[in-house]
Amino acid sequence: MHSLFRFFRISRVLMRYRLDALVLSTPLLKSFKPLLYLTPWYYFPIKKYSRGQRIRLALEELGPIYIKFGQTLSTRPDLLPEDISLELKKLQDSCPAFSTQQAKTLIEEALDGKIEQLFQSFDEQPLASASIAQVHTATTLEGEAVVVKVVRPEISKLITRDIKLMYTLAKLFNKHPLAKKIRPVEVVGEFEAIITNELDMRIEATHCDKIRHNFKQSELLYIPKVYHHLSRTNVLTTERIYGTPVGEIDKLKANNIDMKRLAEQGVIIFFTQVFKHNFFHADMHPGNIFVSDTGQYIGVDFGIMGVLSEDDKDFLADIFLAFFNQDYQKVAQVYIDSGWVGLHTDEKAFEAAVKKICDPMFDKPLGDISFGQVLLDLIQEAKNFDIKVQPQLLLLDKTLLNIEGLGRQLYPQLDLWSTAKPFLEDLMKERYSVKNTFEKLKEEAPQLLKDIPELPALTINALKQLGKMKDINKLYSQQTEQIVTQLSNNANRQTAAIFSGSLLILSGVFAVNNAWFSGGISALAAVLFWIKSR
């Protein structure tokens with residue numbers, strides 16, 4: 001019932017700001033357009049605003065989830081008319097603020113003390129106000145400049161209500177044929193997990209510490225320090241940073257910032273976070289990124305971070321490199337091998353479709369291409385193939401859109417391919433180097449050593465089962481014998497290979513402890529077992 005009331009309220013807001021015509025012009029809802037004339041609020045629209053203002057005000061009135069949606073759209077001026085894009089930019093850090101007295105009360109309750117006891121000074125005027133929280137500047141008792149981030153009061157209830165409605169709509173959409181590919185309920189679940197984490201400032205503090213550690217020795221990105229003794233579930237206090245918002249292009253140029261270098265470093269930071277650290281800032285709209293006077297990036301707001309599984313990371317690295325090399329057969333094969341495309345997919349047809357969409361992207365600067373349009377084309381083409389949407393990659397998709405919007409603003413002539421391709425190639429070489437292979441083998445050695453005693457019993461049981469199959473059907477006796485022999489050989493080789501790897505690790509341990517004779521014997525045995533496994 002609450003979801004139904006919320007649905008009607010959303011409809012009322014859309015009509016109040018005269019956005020109903022836009023929504024009901026879509027093919028899916030066009031047949032419902034005559035119902036507008038039966039609603040009383042249709043005849044009492046709000047006073048006249050520009051188109052962009054109406055969209056921004058509607059999103060603000062609908063609440064934080066819709067403001068988040070507007071923030072994402074604001075990073076794509078190439079996909080929106082200029083008047084709408086300029087208005088949506090105001091959502092990045094200029095959402096309606098709540099009262100300072102409320103903010104102070106929340107801080108005092110969370111930190112168990114009066115503002116005067118906690119801070120040397122506290123600015124009554126909010127520095128910024130976003131969809132989830134607002135920020136005030138302050139000075140600690142030790143005289144250090146900080147910013148205090150306070151979660152909006154009652155926001156958890158508002159988000160819970162809207163999430164319920166989203167689940168209801170997702171379940172209704174499940175009846176549509178496209179639902180099997182898009183998986184709307186899983187998508188809503190992923191979004192719920194993201195925004196729930198964003199409400200907990202302790203999680204953001206942990207994120208901030210981790211990404212600060214990842215870039216501690218790097219000059220690419222600076223992350224502010226967290227003051228944990230002044231932070232709680234709904235309050236986060238961090239070092240105050242000073243810089244120019246990355247969206248203020250004219251000011252950056254006036255500061256003599258190298259825009260080409262800045263754009264290239266933005267790409268490198270993204271790929272470093274995704275493929276090297278496997279921990280990436282997934283809310284990189286311009287309101288969260290600043291540039292110092294020396295041209296260094298400064299990041300804030302780490303409520304939404306992304307992590308990929310090793311399989312997803314390998315898939316993405318292979319896909320990117322295949323795209324950069326214009327190897328569309330490899331792109332199609334990687335998709336099929338990943339299991340994201342149906343086994344009966346026509347690989348050649350899929351390869352041709354990818355080539356048709358992506359070929360125009362190459363040999364062009366970023367300013368002449370649109371990843372957004374390419375994504376739309378790929379989604380459209382997906383209807384002809386059994387391609388599944390992966391909810392775990394939604395954050396990465398969103399971040400890619402933000403990165404493109406940022407790169408387009410900073411330096412439209414950016415050659416994304418020549419910037420990203422060498423980085424990825426070096427990363428792949430490092431991943432499959434002898435050193436990394438040895439490290440991975442060392443990590444898995446305990447499990448391998450644990451499994452070795454079980455191999456003979458498993459092999460014998462498998463051979464017994466195959467022997468029974470041989471007795472059941474004598475017509476296949478020769479084939480069964482070949483299978484038994486092959487399995488036995490494979491088991492012996494596998495056991496020899498495992499012993500070789502284990503002995504190699506053992507020799508390394510002996511060498512570290514200066515037991516050279518024992519290390520040499522272990523190494524020699526490892527070589528013998530390796531020869532036997534070939």
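The second largest cavity in this predicted model has a volume of about 40 Å³, where a cavity is a set of points on a 1 Å grid over the protein atoms alone at which a 1.4 Å probe fits but cannot get out, and lining residues have an atom within 4 Å of a point. Grid points are joined across faces, edges and corners, and the volume is the space filled by probe spheres set on those points.

Since the model is predicted, local features need pLDDT of at least 70 and side-chain atom pairs count only at pLDDT 80 or more, while totals for chains, interfaces and linings use all residues. Residues are numbered from 1 along each chain as its sequence is written, and side-chain values use heavy atoms, with hydrogens and water left out.

Which residues line the second largest cavity? They are Ala-263, Gly-266, Val-267, Tyr-297, Ile-403, Leu-406, Gly-407 and Leu-410. The elements giving two or more residues to this lining are H13 and helix H18 (394-410), and H18 provides the largest share, four residues; helices here are DSSP runs of H or I with at least four residues, strands are E runs of at least two, and both are numbered from the N terminus.

Turning to the largest cavity, its volume is about 90 Å³, and its lining includes Gly-266, Tyr-297 and Leu-406. Helix H13 (259-277) and strand S10 (297-299) each give two or more residues to that lining, with the largest share, three residues, coming from H13.

Notes: 1 Å grid on protein atoms, 1.4 Å probe; cavity = no way out; pocket = protein on both sides within 12 Å on 5 of 7 lines; lining within 4 Å.
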